[in-house]
Amino acid sequence: MTSVHPLLGQLFIYILALVAVAVLADSLVRSLDRDHRLALQRDQELFNLNVLNREIVEHMDVGVLVLDKHNRVILSNPIARKLSGYRFWGNVPVALDLVQARLAAMLIKNHGNDTEVLVPLGPEDPALRDQTPSLMVRKITLPGSPYRLLLLRDASVLRAMEREAQLAALGRLAANIAHEIRNPLSVIRHAANLLDESMENASSRHLFEILERETVRINAIVESVLEMARPGPAHLEPIALSSWLPKLIVQLQADPQLADMHVLVQDIPMSLLIYADPAQLRQVVWNLLHNTAQYAVDEDGLVRVEISAERYGKEQIMLTLRDFGPGIRPEVMERIFEPFFTTNSRGTGLGLPMVRELIQMNNGQVLCENHPECGAIFKIFLPCWDPHEEAA
């Protein structure tokens, strides 16, 4: 065509080239538009992922500090800010030695080591290790990145969790042992009763009394361990403390160990009704009074207890038992609710742990502290019962 009609041939070639350019341009525009949409989608996904990661870090129960290559904190979460003790977090990045000098010293000392180390924040006295604040710190180096992570955890919380796990394992073991002891113990008591029928001389009778007393004591320990390990469910009902408590004290003082105790129940308004299991609450008061009888003898050789109750907030009632003894030493106060911990050679160490267990089963809480003047105070917080809400 170009040889016969040169102008038409050139025009056809131009038109063909124009169509080809248009097709290619349209394909390129479509490709660019698709890439743009994918880029926007990826940007949105990255933004959402970044927001999710930030939320995860913010709500972690482990403190997180992100450090740059100059050991400056460029990112932190609330737990880390609380554990570090630094108050001026508005200005970031901030040097780590300003945030917490001991963390900076640990970082220099353990350069290149990513193991978890204990960093005391108070006096470095081994005797005060459990009383001074300290952190478990783990450094994580990110390969190919100038940033590093410091993970902070409260060492006292970790020790408490470890102690709770040990106590739980010990409780399960003790319950299994107690279950195995109960059967042969009952056989021994039965055999001793049969032996008692044939005893004639006084010395043998004295030995039998010792045997009987100690088997009864062992059986009480076994029953306490089993009750501690497998407590029954709480059957909650409203209890009017103003009438229930005085009757309970009269019943409990039929026990010879509580007969000489001076128990004063303060005036309690009739409107104070708690929502609890009466049998379990009776066990709680019995255990507390027995504990008081052992440890709260005053200067005159008497055991005195005052019991009162008052409303605590809108949804709780605080039941208070105060003695007038020497009080509780601080090192003992920290462990009084631990199973099997006792300062009495003949005690089981299960009375107060059982109190805490029963109160928790009744949706309550028990605390202990020393009175400013003398003696110890046990405060029991239990939910109150409102008949108007029940009717609604």
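**Entry 1**

I began with Arg 329, which is partly exposed at a relative accessible area of 49%; here buried means under 20% relative accessible area, exposed means over 50%, and partly exposed lies in between, with a 1.4 Å probe and protein chains only. I was working on a predicted model, in which local features need pLDDT of at least 70 and side-chain atom pairs count only at pLDDT 80 or more, while totals for chains, interfaces and linings use all residues. Residues are numbered from 1 along each chain as its sequence is written, and side-chain values use heavy atoms, with hydrogens and water left out.

I looked up the partner of Arg 329 and found Glu 331, the two side chains meeting in a salt bridge at 2.9 Å, N to O; the term requires a side-chain nitrogen of Lys or Arg within 4 Å of a carboxyl oxygen of Asp or Glu. Glu 331 is partly exposed as well, with a relative accessible area of 47%.

**Entry 1: other salt bridges**

By this rule I noted a count of 8 salt bridges. One of them joins Lys 379 to Glu 369, with the closest N and O atoms 3.0 Å apart. Lys 379 lies in strand 13 (residues 376-383) and Glu 369 in strand 12, so this pair ties together parts that are 10 residues apart in sequence; helices (H or I, at least four residues) and strands (E, at least two) are DSSP runs, numbered from the N terminus. Lys 379 is partly exposed at 22%, and Glu 369 is partly exposed at 36%.

I then took Asp 26 and Arg 30, whose closest N and O atoms are 2.8 Å apart in a salt bridge. Both belong to helix 1 (residues 6-58), where being 4 residues apart separates them by about one helical turn. Asp 26 is partly exposed, with a relative accessible area of 38%, whereas Arg 30 is exposed at 55%.

Strands 1 and 2 form a hairpin with 4 residues between them. Asn 71, in the loop between these strands, has a positive phi of about 60° although it is not a glycine, and at 25% relative accessibility this residue counts as partly exposed.

**Entry 2: Pro 146**

I followed the loop between strand 5 (134-141) and strand 6 (148-154), where Pro 146 lies, partly exposed at 45% relative accessibility. Leaving aside residues up to four places away in sequence, Pro 146 touches Leu 67, Asp 68 and Lys 69, contact meaning heavy atoms within 4.5 Å. The C-alpha atoms of Pro 146 and Leu 67 are 8.4 Å apart, although 79 residues separate the two in sequence.

**Entry 3: nonpolar cores**

I looked up the largest nonpolar core, which has 43 residues, those with the most contacts inside it being Leu 289, Ile 336 and Ile 380; such a core is a set of buried Ala, Val, Leu, Ile, Met, Phe, Trp, Tyr and Cys residues joined through side-chain atoms within 4.5 Å. Helix 7 (residues 241-252) gives the largest share of this core, 6 residues. Apart from this core lies another, of 20 residues, among them Leu 67, Trp 89, Leu 96 and Leu 152.

I compared the span of helix 8 (residues 278-295) with expectation: at 1.5 Å a residue its 18 residues should span 26 Å, and its end C-alpha atoms are 26 Å apart, which agrees; the expected span is 1.5 Å times one less than the number of residues. Its buried residues include Leu 281, Val 284, Leu 288 and Leu 289.

In helix 10 (residues 351-361), the buried residues include Leu 352, Met 354 and Ile 359. Just after helix 10, Asn 363 takes a positive phi of about 60°, and at 53% relative accessibility Asn 363 counts as exposed.

Definitions and conventions
Two strands pair if DSSP finds at least two bridges between them.
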